[in-house]
Amino acid sequence: MAHRSVLITGSGTGVGKTFIAYNIAYCLKNKGLKVGYFKPIETGVEEIPQDGATLCQLTGQSIDEAVAFTCKLPLAPYACTIEEGTDFDIEFIKRRYKELMEKYHFLIVEGAGGLAVPIQKGYDYAHLAKDLDIPILIVSYPTLGTIHSTYTTYFYARAMALKVLGIVLNGTKGEDISERTNARIIQELTDVEVLQTPYQRGGVFSLELLNRICRLIGF
Ligand SMILES: Nc1ncnc2c1ncn2[C@@H]1O[C@H](COP(=O)(O)OP(=O)(O)O)[C@@H](O)[C@H]1O
Ligand SMILES: [Mg+2]
């Protein structure tokens, strides 16, 4: 079944959430869908939110529409609140999400860091996914250590009763021998499809791979 939105989350920061979000947006746009991007909170922003700018270039949105809140330090949102006093209004995020859902055929939501990253004390991205009733895609690194990081992220999602659409082990270079077995083992530990995506210069995957990623989210 095709969904109308997805939360691109991960096992940590720098795993390729924005990269995968971009590829999904690219693929759905080519299928003729009006695709929107929503980054509730982007941290580590000096002037222009980079994730927002990257996706808005493709979706044609204004950054103000796509990014609800920013803060300067490259930290978890709750840590930004402690350090900088920034207030992240969850109700505002929920309202903006609903507005964007009205406006686009499909909405790609990107978290900050991993699934258990706190937005406020006692409220993380899994709570947000639950409150918004949004299915998730877990992006993770492809190399040694990913079995533990990916499985614990998946396990947490399940414990929170979230719908997991799939797992993407992103950025394989074929240099780490664990890449030969990680996907298979994670596949055996979970009941969702596990995709491996290569390190790809230029930013866009092959058409075949784009279609496989889009199938994970029902297209
Ligand atoms: N499959 C890939 N091939 C090449 N570069 C990638 C790939 N995935 C991520 N990157 C690069 O790695 C960096 C971190 O990825 P990014 O998508 O920003 O991670 P996240 O959003 O999870 O923090 C970026 O510079 C991005 O362009
Ligand atoms: Mg990102």
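At roughly what angle do the axes of helix 7 and helix 8 cross? Keep that question in mind while we walk through this predicted model.

Seven strands form an open sheet, described as 7 strands in the order 3-2-4-1-7-8-9. Their pairing is parallel. Two strands sit at the edges: strand 3 (67–71) and strand 9 (194–198). Each of these pairs on one side only. On average, and ignoring direction, neighbouring strands are turned by 20° against each other.

Now look at one pair inside that order. Strand 2 (residues 35–43) runs parallel to strand 4 (residues 106–110). The two are joined by 4 bridges. Find tyrosine 37, and you will see isoleucine 108 of strand 4 standing opposite.

Next comes helix 1. This helix lies across strand 1 (5–10), strand 2, strand 4, strand 7 (136–140) and strand 8. Against strand 4, helix 1 runs at about 175°.

Helix 1 also meets another helix. Two packed helices are described by the angle between their axes and the distance between the axes. For helix 1 and helix 9 (residues 207–216), the axes come within 9 Å and cross at roughly 95°. Angles of 65 to 115 degrees count as roughly perpendicular, so helix 1 and helix 9 are roughly perpendicular to each other. Helix 1 brings Asn23, Ile24, Tyr26, Cys27 and Leu28 to this contact. Helix 9 brings Leu210, Asn211, Ile213 and Cys214. By class, the contact has 7 nonpolar residues, 2 polar ones and no charged ones.

The shell around ligand 1 holds 13 residues. Gly16, Lys17, Thr18, Phe19 and Gln200 come nearest. Two elements give two or more residues each: helix 1 (17–30) and strand 8 (164–172). The largest share, 3 residues, comes from helix 1. What classes make up this shell? There are 9 polar residues, 3 nonpolar and 1 charged.

Back to the opening question. The axes of helix 7 (residues 146–159) and helix 8 (residues 182–189) cross at roughly 30° and come within 10 Å. Angles under 35 degrees count as roughly parallel, so helix 7 and helix 8 are roughly parallel to each other. Helix 7 passes helix 8 in a right-handed crossing. Thr146, Ile147, Thr150 and Tyr151 are the residues of helix 7 that take part. They meet Asn182, Ile185, Ile186 and Leu189 in helix 8. This contact has 5 nonpolar residues, 3 polar ones and no charged ones.

Conventions
Residues are numbered from 1 along each chain as its sequence is written. Chains are lettered from A and ligands numbered from 1 in the order in which they are written. This is a predicted model: local features need pLDDT of at least 70, side-chain atom pairs count only at pLDDT 80 or more; totals for chains, interfaces and linings use all residues. A residue is near a molecule or strand if its C-beta atom, placed from the backbone, lies within 6 Å of it. Ala, Val, Leu, Ile, Met, Phe, Trp, Tyr, Cys and Pro count as nonpolar, Asp, Glu, Lys and Arg as charged, and the others, Gly among them, as polar. Axes are lines fitted to C-alpha atoms, for helices over the stretch in contact, and angles run from 0 to 180 degrees between N-to-C directions. Angles under 35 degrees count as roughly parallel, over 145 as roughly antiparallel, 65 to 115 as roughly perpendicular and the rest as oblique. A crossing is left-handed if the near helix is turned anticlockwise from the far one by less than a right angle, and right-handed if clockwise. Two residues are in contact if their C-beta atoms, placed from the backbone, lie within 7 Å. Two strands pair if DSSP finds at least two bridges between them.
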